Amino acid sequence: MSGATDEPFELKRLVETRGAERYALAAKHGNPQLARTLHAIGFDKIYTAAAGPYLYDGDGHDYLDMLAGFGVFALGRHDPTVRQALHDVLDAGLADLTQFDAPPLAGLLAERLLAEAPHLDRVYFGNSGTEAVEAALKFARRATGRGRVLYCDHAFHGLTVGSLSVNGAKEFRSGFDPLLPDTAIPFGDLAALARELRRGDVAALIVEPIQGKGVAVAPAGYLPAAHDLLKQHKALLIVDEVQTGIGRTGDFFAYQHDGVEPDIVTAAKALSGGYVPVGATLAKDWIFRKVYSSMDRVLVHDSTFGSNAQAMAAGLATLHVLERDALVVNARIVGERLQRRLCEAAERYEMISDVRGRGLMIGIEFGRPESWRLRAPWFALQLARKGLFAQTVVHGLFQRHRILTQVSGDHLEVIKLIPPLTLTEAEADRFLAAFTDVMDEAQRGSGLLRDFTRTLATRSRHG
Ligand code: PLP
């Protein structure tokens, strides 16, 4: 600190006067690659406002956000009900985080969440997706008295050490050894699951119903059959709904589509409407009773900020809006229509090899084109780096149409759509028109590729 100041603290002024320094500040004080990467790919915009599914730059241009902050803005940005709830909770002057009482809003949010998962009994609240997963892993170990957790190839469950130990992607794990001795099995492979379970030391399988990386949907029947096997071996099924939960896939929880009743379920992201970090671990009563088995163990798993009033208020308001506006049904209807239209489009474009997903979690996969004319640029990109074609599409959507999407994982030719659950058919149509334009360009020749490589070449040099 440089000393006392008489200046009043004015957040609005601070943002107005220094907001434009964001990339310079990040480059100087934060992750050294963030600003550099965004600059190199031409995504280093200065957004000055946001509303619903749109971001706005200083010139008032709107950007349709099909990424929704990695899925947190289920209600779009600045939902008035959640905002009001947050104002109200601050104005209420609550005695929050006393640490020696039972926070009332946490009880109410737990009650509300469990109404969506009636086979489960209790909820632990933390502050993020990875914390929800850490709790699930610890709960499973303690409840079963076993140490090994099975996870799936390509799984993503977060990046703290426990979650990283069940992460199925080399690029995240590398350099952080030693991790916990957990074991990867192929997603959807029941024989591999049975083989590992026979060793008798497995506490649980942790699995995403739809993997965020690559938008891989669990094969029909996989989750119930896996749960049967796990039960036979007295091991638990943890379903990680951090991304798929709270309506994203057209059911409140994606596991409900598969007709399975997991022992432990994690949620986060959309739970607070994107406003306040939050994580939730839902589980059966007997599991909680094993973890918190005596008064001595009352704080055996806990987090100082877990259950804080702002997160709980935002959660309650978010679930209220979700129900009031029937957003889970909207996600199903608008998502199915969008997916259908994308499948129709896929017929026209050689480079689209698959469209998949559920509700408003959709993956578009690109693959080798049939015609020789298109194969040369395709292979040139593959040679440079797998995933670059998808990146050129993401780049085209952004630079030509002001639509924000993402490549769904390193070295993957898949783009992922996880827009707000409020998405209207008109907004979905804007995406479709832009996507069709970008794919027309890709099908015609190398304009897209040229634009992207030019951006990369000039900006990496200056970055
Ligand atoms: N689990 C899944 C399925 C996720 O998709 C993510 C994040 O994308 C996480 C866990 C980790 O969540 P967080 O980034 O809030 O730690």
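1. Lys234 sits in the loop between helix 11 (222–232) and strand 10 (236–240); helices (H or I, at least four residues) and strands (E, at least two) are DSSP runs, numbered from the N terminus. Although Lys234 is not a glycine, its phi is positive, about 55 degrees. Lys234 is exposed, with a relative accessible area of 65%. Exposed means over 50% relative accessible area, buried under 20%, and partly exposed in between (1.4 Å probe, protein chains only).

2. On the basis of these values: this is a predicted model, in which local features need pLDDT of at least 70 and side-chain atom pairs count only at pLDDT 80 or more, while totals for chains, interfaces and linings use all residues. Residues are numbered from 1 along each chain as its sequence is written, and side-chain values use heavy atoms, with hydrogens and water left out.

3. Gln99 also has a positive phi, near 70 degrees, and is a residue other than glycine. Gln99 is in the loop between helix 5 (80–91) and helix 6 (104–116). At 43% relative accessibility, Gln99 counts as partly exposed.

4. Leu97 is likewise found in the loop between helix 5 and helix 6. Its relative accessible area is 28%, so Leu97 is partly exposed. Not counting residues up to four places away in sequence, Leu97 touches Thr304, Phe305, Gly306 and Asn308; contact means heavy atoms within 4.5 Å.

5. Asp177 and Pro178 are joined by a cis peptide bond, with omega about -5 degrees. Pro178 belongs to the loop between helix 9 (170–173) and strand 6 (183–185). From C-alpha to C-alpha, Pro178 and Leu97 are 35 Å apart in space, and they are 81 residues apart in sequence.

6. The domain assignment of the protein chain gives domain 1 (17–77 + 327–461) and domain 2 (80–324); such bounds come from an automatic or database domain assignment. The centres of the two domains, taken over C-alpha atoms, are separated by 28 Å. Across the boundary, 28 residues of domain 1 are in contact with 29 residues of domain 2.

7. The largest nonpolar core has 111 residues, and those with the most contacts inside it are Leu113, Leu205, Phe366, Phe431 and Phe435. A nonpolar core is a set of buried Ala, Val, Leu, Ile, Met, Phe, Trp, Tyr and Cys residues joined through side-chain atoms within 4.5 Å. Helix 13 (residues 309–324) supplies the largest share of this core, nine residues. Domain 1 and domain 2 both give residues to this core, so it lies between them.

8. Phe431 touches Leu64, Met66, Leu338, Leu342, Ile364, Leu397, Ile403, Thr405 and Leu417, not counting residues up to four places away in sequence.

9. A polar backbone atom of Thr130 is 2.8 Å from an oxygen atom of the ligand. For Lys269, a polar side-chain atom lies 2.9 Å from a ligand oxygen atom. An N or O atom in the side chain of Gln243 is 3.0 Å from an oxygen atom of the ligand. Taken alone the ligand exposes 390 Å², and the protein buries 79% of that (Shrake-Rupley method, 1.4 Å probe).

Definitions and conventions: Polar contact = N/O pair within 3.5 Å; in protein donor to acceptor, adjacent residues only side chain to side chain.
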